[in-house]
Amino acid sequence: IGKEAFWNCRNLKHVNIPNGVTKIDDGTFSRCEYLNNVTIPNSVTYIGSNAFYDCTNLTDIKISDNITYIGTAAFIGTGWMKNQPEGDVYIGKWLLHIRTKNSNRVEGDIVIKDGTVGLAGNLLAKQEALTGVTLPNSLKYIGDEAFYNCPELTNLVLGDSIISIGKSAFRECSKLTSEINLPNITSIGNYAFYLCKGVTRVTLGDKLTTIGASAFQACTGLTSINIPSSVTSIRASAFDTC
């Protein structure tokens with residue numbers, strides 16, 4: 001279903017998406033303020049940014065375990081999101097949001113719980129007091145800008161099961177000093193580790209096919225990286241100014 005296909009259809013109340021649809025694109029149902037019920041079939045794997053943004057009456061949302069991508073603010077502004085308690089906000093096995101008493105400010109080191117499969121886009125972007133993150137072995141997908149511009153993020157423990165890292169996922173995490181080991185990665189998005197000046201070593205597994213544009217650009221501390229023979233595409237400026 002294309003971008004903004006039903007954007008601002010204010011009187012739309014119910015949507016039954018047929019089985020076989022695989023993608024709900026960016027802003028597809030954004031600002032359908034009276035939408036109160038949606039059925040998302042198991043065939044859907046992709047829910048784009050702002051897909052259900054500001055659907056204020058949407059209180060019941062269910063997704064399958066087949067989801068491989070949830071974009072930024074996909075469910076922000078829905079009645080469902082507003083009813084979630086303080087703490088980690090999940091939909092299925094995807095972590096969408098972390099609510100805290102202090103204006104959603106996340107401080108210190110955090111551990112993402114085991115069983116989590118994906119991190120939604122923009123999950124912890126611009127968290128100025130975040131210093132460390134431990135990701136579970138169950139994690140497969142890291143969304144776009146998930147940790148974008150976390151200037152104090154120093155320690156990162158990556159699980160072995162990560163398949164995909166979205167664009168700008170760790171962009172401008174300039175103090176990140178961890179070695180990056182991704183044995184099962186298949187794709188690394190544009191600007192994924194841009195300006196991560198403290199990263200010194202990157203180890204990539206033989207399932208990787210694509211290294212995005214500027215993925216490791218300006219990683220000035222990088223001294224060692226292996227490029228497996230499975231890689232078919234290294235895009236513009238991927239290692240510029242290393």
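Is Phe239 buried, partly exposed or exposed? We will come to that residue after a walk through the rest of the chain. The model is a predicted one, in which local features need pLDDT of at least 70, side-chain atom pairs count only at pLDDT 80 or more, and totals for chains, interfaces and linings use all residues. Residues are numbered from 1 along each chain as its sequence is written, and side-chain values use heavy atoms, with hydrogens and water left out.

Let us start with the whole chain. The protein chain holds one helix and 19 strands; these are DSSP runs numbered from the N terminus, with helices (H or I) of at least four residues and strands (E) of at least two. Its C-alpha atoms fill a box of roughly 55 × 40 × 30 Å along the principal axes. The radius of gyration is 18 Å, which agrees with the value near 18 Å for a compact globule of 242 residues. That radius is taken over C-alpha atoms, and the globule rule is 2.2 Å times the number of residues to the power 0.38. Of the 242 residues, 48% are buried, where buried means under 20% relative accessible area, exposed means over 50%, and partly exposed lies in between (1.4 Å probe, protein chains only).

Eight of them form an open sheet with mixed pairing, in the order 6-7-9-11-13-15-17-19; two strands pair if DSSP finds at least two bridges between them. Strand 6 (87-91) and strand 19 (233-234) are at the edges with a single partner strand each, so one side of each has no neighbour in the sheet. Strand 6 runs antiparallel to strand 7 (residues 94-99), and five bridges join the two. Within this pair, Tyr90 stands opposite Leu95 in strand 7.

Strand 16 runs parallel to strand 14, with three bridges between them, and Asn181 stands opposite Thr203 in strand 16. Strand 16 also runs parallel to strand 18, joined by two bridges; here Val202 has Ile225 as its bridge partner.

What lies inside? In soluble globular proteins, nonpolar side chains tend to be buried together. The largest nonpolar core has 44 residues, of which Leu135, Ile142, Phe147, Ile165, Phe170 and Phe193 touch the most other members. Such a core is a set of buried Ala, Val, Leu, Ile, Met, Phe, Trp, Tyr and Cys residues joined through side-chain atoms within 4.5 Å. Strand 7, strand 10 (130-134), strand 14 and strand 16 are the elements that give two or more residues to this core. Apart from it lies another core of 30 residues, including Val21, Ile40, Ile61 and Ile70. Leaving out residues up to four places away in sequence, Phe170 touches Ile142, Phe147, Ile165 and Phe193, among others; contact means heavy atoms within 4.5 Å.

Aromatic rings bring us back to the opening question. There are eleven aromatic pairs, counted for rings of Phe, Tyr and Trp (its six-membered ring) whose centres lie within 6.5 Å; planes under 30 degrees apart are stacked, over 60 edge-to-face, and the rest tilted. Phe75 and Trp80 form an edge-to-face pair, because their planes are at 65 degrees, with centres 6.3 Å apart. Phe75 is buried at 2% relative accessible area, and Trp80 is buried at 10%. Both belong to a cluster that ring pairs also link to Phe6, Phe29 and Phe52.

Phe216 and Phe239 are stacked, since their planes are at 0 degrees, and their centres are 5.5 Å apart. Phe216 lies in the loop between strand 17 (210-211) and strand 18 (224-225) and Phe239 in the segment after strand 19, so the pair ties together parts 23 residues apart in sequence. Phe216 is buried, at 0% relative accessibility, whereas Phe239 is partly exposed at 25%.

Tyr191 has a positive phi of about 60 degrees although it is not a glycine. The charged end of Arg171 sits over the Tyr191 ring, 4.4 Å from its centre; by this rule, NZ of Lys or CZ of Arg is within 6 Å of the ring centre and within 35 degrees of the ring normal.
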